[in-house]
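Work through the following exercises with the sequence and the structure side by side. Try each task before you read its solution.

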Amino acid sequence: MKDNKVLQVMVLMLSILATVKSYAVDIFNTEADVPSSQAAPVYANTLCQSGPLPDPLSLNDALERSLCNNPKTAESWAEIKAESAAVGSAKGAYLPTFSLSGREVSERSETNVAGHREFDSVNSSPNYSADFSLNWVLYDFGARSAALQKAKALLLAAEASHMDTLQSVMIATAKDYYAAQAAAGNLAAATDMERITSTSIDVVVSREGHGAASVGDELQARTAWLQAKTDKEKAENTLENDLGVIAADMGLRPDSHINLANVQEGPKPDYRFKESVSALIDEAIKIHPALLAAQAQFQAAEAEVDQTRAEGMPSLSLVGKASRDNQKVSEGIGQPYFDSVHNDRYIGIQVSVPVFEGFTREYKVREGLAQAEQKQDAVSEARQSIELDVWKSFQSLKANTNNLPLIERLLDNTRKSYSVAEYRYENGVGNIIELLNAQKSLADAEKQQIQALTDWRYSRLELAAKIGVLGLNN
């Protein structure tokens, strides 16, 4: 009967423990602070479930897949999970702790007294014990409060760092996307130039048949055509390499089939700067995730100093215990053992006062103050870096914006110049050198226009990233 009673008590203890654990999975709802996916802060509704690539692949599609598959974003997302759990742990320190323990053993106790057999005794019986303990820290001079403050600051730092990582991955992917898009545009331009030079050969041969052109003209025209074919081969190779890079950014094999949107499609500049660079710098100082992360790290370091100091102060706790066992008792040596049940209970207040810790706490406080000073210097460094980055990115965007219309005019002029040179040569007024020079100028202008357009688009996104507002609408 006793064995069954003990077994019932132990089963009850285990069932209580299992019930508590099942209902306390996330009692403080810390999972609410964790984004639903590693890309969720930017793509709020995405679950990072990638299907077939869109055709053509837009920049937005490339960015989403890159954020979902980049190991850096996964790592910073996991850091948020860890820090949110740390906040829950810090909150849990305010709650009481309970512990249950139970034991059932088969015990044999034998006593042999030399020369006095009448005092010999043997005791053999199953023994059990059950214990319940309570400990609840009531006051600790702010140690738990500082620990919670530190955990919250580190969570803010992790969230800001994650956003900074997302923006870094986005701008890197955008750069690779625009490079591939420019390479596709250059290939199209090189293909068009190959066609133009081939047409020029036909014109030269036709004039040569009428005695209006020399063999030298034909050789120069064929040289230009071969150069155009060489440029086309180089453009094809560059495009294949750049497509492999953008595929890797999205977590795909480099040989994946990718068709990009036409380089001439997409945003175009309006040639107006709505805000001054000073206003942009002020905005960056307020919202840039890298600076917010550095500031949160500094706050966490200050809270850790407060926690270290408070842990060296007295603490007041409510303690209690209840235990029960069936250890048998005897009046003395040689006397028989009697069944018994022993109950032990107490509840009270416990004061713990650290008296001497070998000066370790004082040195820990000094260490913490030095680390907080480092974090404060990191805040200043981040601010200076952001200010300079915004300034440089603004100047780059301004230059690219002002340069693009000039390149557009240059391209228009070279097209007209080529048409005139072609007409003059066909009608025997111009010479082959004039025609070839016009072809080369047109090819160079087309490349410059494509590069200027992609440079403007990239510098636009780069400025948004340096300010800290890079998102889907930039």
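**Exercise 1: a charged residue and its surroundings**

Leaving aside residues up to four places away in sequence, Glu-83 touches Ala-151, Leu-154, Leu-155 and Ala-158, where contact means heavy atoms within 4.5 Å. The model is a predicted one, in which local features need pLDDT of at least 70 and side-chain atom pairs count only at pLDDT 80 or more, while totals for chains, interfaces and linings use all residues. Residues are numbered from 1 along each chain as its sequence is written, and side-chain values use heavy atoms, with hydrogens and water left out.

Task: find which helix holds Glu-83, and state which side chain of opposite charge is nearest to Glu-83.

Solution. Begin with the position: Glu-83 lies in helix 3, residues 71-92 (helices are DSSP runs of H or I with at least four residues, strands are runs of E with at least two, and both are numbered from the N terminus). Next, look for a partner: Glu-83 is buried but has no salt bridge, and the nearest side chain of opposite charge, Lys-150, is 8.6 Å away. Here buried means under 20% relative accessible area, exposed over 50%, and partly exposed in between, with a 1.4 Å probe and protein chains only. Lys and Arg count as positive and Asp and Glu as negative, whereas His and the chain ends are not counted.

**Exercise 2: salt bridges**

Task: decide whether Asp-140 is buried or exposed, and do likewise for Asp-255.

Solution. A salt bridge is a side-chain nitrogen of Lys or Arg within 4 Å of a carboxyl oxygen of Asp or Glu, and by this rule the count comes to twelve. In one of them, Asp-140 meets Arg-144 at 3.0 Å, N to O; Asp-140 is buried at 10% relative accessibility, and Arg-144 is buried at 12%. In another, Asp-255 meets Arg-253 at 2.7 Å, N to O; Asp-255 is exposed at 55%, and Arg-253 is exposed at 57%.

**Exercise 3: the disulfide**

Task: locate the two cysteines of the one disulfide in the structure.

Solution. The disulfide (a pair of cysteine sulfur atoms within 2.5 Å) joins Cys-48 to Cys-68, with 2.2 Å from S to S. Cys-48 lies in the loop between helix 1 (2-23) and helix 2 (59-69), and Cys-68 lies in helix 2, so the pair ties together parts that are 20 residues apart in sequence.
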